[in-house]
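Subject: Handover of a structure for your review

Dear colleague,

Please find the structure below, together with its sequence. A summary of the findings follows.

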Amino acid sequence: MPYIITLLIMKIQPKTNLHLAQQDVFYSQLLNPNSPLYNIGGYVIFNGDFNVNQFKSVIQKLPSAFDIFNLEFDFSSSIPKFSPKQSTVNIDLKELDFSNELSPQKSAKEWMQSEFNTPFDIYGDQSYENVLIKINENEFWWFMRYHHLITDGYGCSIKINYVIDEYELLVNNK
């Protein structure tokens, strides 16, 4: 529903200036293009029975619940702008399996740190990343990384709560 509201508002004014806080992030990124300081996110640990397919279906619903996944940026003018994409995007949930590693948790943490040390290309198409990491049969980690242009710490916590709530509803058949 929120995405529909955004689309209705954006029909009135198709391209909108970035918020001043977003402009600050954008210009700072231009000054420090190789800096990962503009990455935000974390990981959530799921222990016990875990239904990968149910989790994937929740992740794939994110663009219908959060408009940040449906934005495109235009940095060609003096003031950066954004607008909604013409169609809702599909979120790809990558899967990694560290269960055969000698130390799966250590290997997963090293991989995640490497990802967080990699800046997003602000001129590229992707400003977020979701990965499901298998540690063992009873432990999965959901890793998420976003560019600060599209969310902040509070937004991350809202998305995490949404995903956990929706996943629990699915697996508990509510």
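How many residues does helix 6 have, and how far does it reach from its first C-alpha to its last? Helix 6 (residues 153-171) has 19 residues and reaches 27 Å, close to the 27 Å expected at 1.5 Å a residue; the expected span is 1.5 Å times one less than the number of residues. Helices (H or I, at least four residues) and strands (E, at least two) are DSSP runs numbered from the N terminus.

Please note that this is a predicted model, in which local features need pLDDT of at least 70 and side-chain atom pairs count only at pLDDT 80 or more, while totals for chains, interfaces and linings use all residues. Residues are numbered from 1 along each chain as its sequence is written, and side-chain values use heavy atoms, with hydrogens and water left out.

Helix 6

The buried residues of helix 6 are Gly155, Cys156, Lys159, Tyr162, Val163 and Tyr167 (buried means under 20% relative accessible area, exposed over 50%, partly exposed in between, with a 1.4 Å probe and protein chains only). They lie on the same side of helix 6 because they cover an arc of only 125 degrees around the axis, taken from the directions from the helix axis to the C-beta atoms. These buried residues pack against strand 2 (39-47), helix 3 (52-60), helix 4 (62-65) and strand 7 (139-147), where contact means heavy atoms within 4.5 Å. Just after helix 6, asparagine 173 takes a positive phi of about 55 degrees.

Aromatic rings

The count comes to 18 aromatic pairs (rings of Phe, Tyr and Trp, the last by its six-membered ring, with centres within 6.5 Å; planes under 30 degrees apart are stacked, over 60 edge-to-face and the rest tilted). Phenylalanine 46 and phenylalanine 55 form an edge-to-face pair, 5.4 Å centre to centre with 65 degrees between the planes. Phenylalanine 46 counts as buried at 11% relative accessibility, and phenylalanine 55 counts as buried at 0%.

Phenylalanine 116 and phenylalanine 143 are also paired edge-to-face, at 5.4 Å and 85 degrees. Phenylalanine 116 lies in helix 5 (residues 104-116) and phenylalanine 143 in strand 7, so this pair ties together parts that are 27 residues apart in sequence. Both phenylalanine 116 and phenylalanine 143 are buried.

Ring pairs also link Phe46, Phe50, Phe55, Phe140, Trp142 and Tyr167 into a cluster.
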